[in-house]
Amino acid sequence: MSWLDIGSIDDIPVRGARVVKTALGCVAVFRTDENEVFATSDRCPHKGGPLSEGIVHGKKVTCPLHNWVFSLESGEAQGADEGQIATFSARVEGGRILLNAAEIEARTAA
């Protein structure tokens with residue numbers, strides 16, 4: 001498995017996100033208040049809202065446009081909303097965030 005180092009966990013605020021631009025589109029990388037990291041597509045399937053600008057709460061993100069809520073673990077919409085966002089493997093090693101490069105290359109992120 002090929003892992004891509006995208007920076008320090010400290011580059012992302014707690015309950016915040018950053019965008020990583022790839023050849024396939026933008027990937028949103030989120031940091032929870034438990035210092036876990038998750039990577040998903042950056043676009044909400046509803047109206048294309050930038051999820052990286054959404055509100056991170058627990059292991060979920062709320063789209064800033066119409067308040068759709070997505071699980072950062074599974075990508076599934078929560079509550080009455082229907083839809084799913086792509087998720088990508090991410091981990092932290094030695095304070096560095098690593099994304100699974102092969103997985104990102106295999107799926108369209110945006």
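## Nonpolar cores

A nonpolar core is a set of buried Ala, Val, Leu, Ile, Met, Phe, Trp, Tyr and Cys residues joined through side-chain atoms within 4.5 Å. The structure described here is a predicted model. Its largest nonpolar core has 14 residues, and the members that touch the most others are Phe30, Cys44, Leu51, Val61, Phe70 and Leu72. Apart from this core lies another, of 12 residues, which includes Ala39, Ala86, Ile97 and Ile104. In soluble globular proteins, nonpolar side chains tend to be buried together.

Leaving aside residues up to four places away in sequence, cysteine 44 touches Gly49, Leu51, Cys63, Trp68 and Phe70. With a relative accessible area of 4%, cysteine 44 is buried, because buried means under 20% relative accessible area.

## A three-stranded sheet

Strands E5, E6 and E7 form an open sheet in the order E5-E6-E7, and their pairing is antiparallel. The edges are held by strand E5 (55–57) and strand E7 (69–71); each has a single partner strand, so one side of each is left without a neighbour in the sheet. On average, and with direction ignored, neighbouring strands of this sheet are turned by 25 degrees against each other.

Strand E6, covering residues 60–62, pairs with E7 over 3 bridges in the antiparallel sense. Within this arrangement, valine 61 stands opposite phenylalanine 70 in E7. Both Val61 and Phe70 are also among the residues that touch the most other members of the largest nonpolar core.

## Salt bridges

Side chains of opposite charge can pair when their charged atoms come close. The structure holds 4 salt bridges. In one of them, the side chains of aspartate 5 and arginine 96 meet at 3.1 Å, N to O. This pair links distant parts of the chain, 91 residues apart: aspartate 5 belongs to strand E1 (residues 3–8) and arginine 96 to strand E10 (residues 96–100). Aspartate 5 is partly exposed, at 39% relative accessibility, and arginine 96 is partly exposed, with a relative accessible area of 35%.

Another salt bridge joins the side chains of glutamate 36 and lysine 59, at 3.5 Å from N to O. Here too the pair links distant parts of the chain, 23 residues apart, with glutamate 36 in the loop between strand E3 (25–31) and strand E4 (37–41) and lysine 59 in the loop between E5 and E6. Glutamate 36 is partly exposed, with a relative accessible area of 29%, and lysine 59 is partly exposed at 32% relative accessibility. A further salt bridge, at 3.0 Å from N to O, is formed by the side chains of glutamate 93 and arginine 91. Glutamate 93 counts as partly exposed at 42% relative accessibility, as does arginine 91, with a relative accessible area of 31%.

Cysteine 26 is in no disulfide, and the nearest cysteine sulfur, that of cysteine 63, is 15 Å away. Cysteine 26 is partly exposed, with a relative accessible area of 24%.

For cysteine 44, the closest cysteine sulfur is in cysteine 63, at 3.9 Å, which is too far for a bond. The reasoning rests on a cut-off, because a disulfide is a pair of cysteine sulfur atoms within 2.5 Å.

Definitions and conventions
Residues numbered from 1 in each chain as written. Predicted model: local features only at pLDDT ≥ 70, side-chain atom pairs only at ≥ 80, totals over all residues. Heavy atoms only, no water. Buried < 20%, exposed > 50% of the residue type's maximum accessible area, 1.4 Å probe, protein only. Contact = heavy atoms within 4.5 Å. Pairing = 2+ DSSP bridges. Helix = DSSP H or I, 4+ residues; strand = E, 2+ residues; numbered from the N terminus. Axes fitted to C-alpha atoms, helices over the stretch in contact; angles between N-to-C directions.
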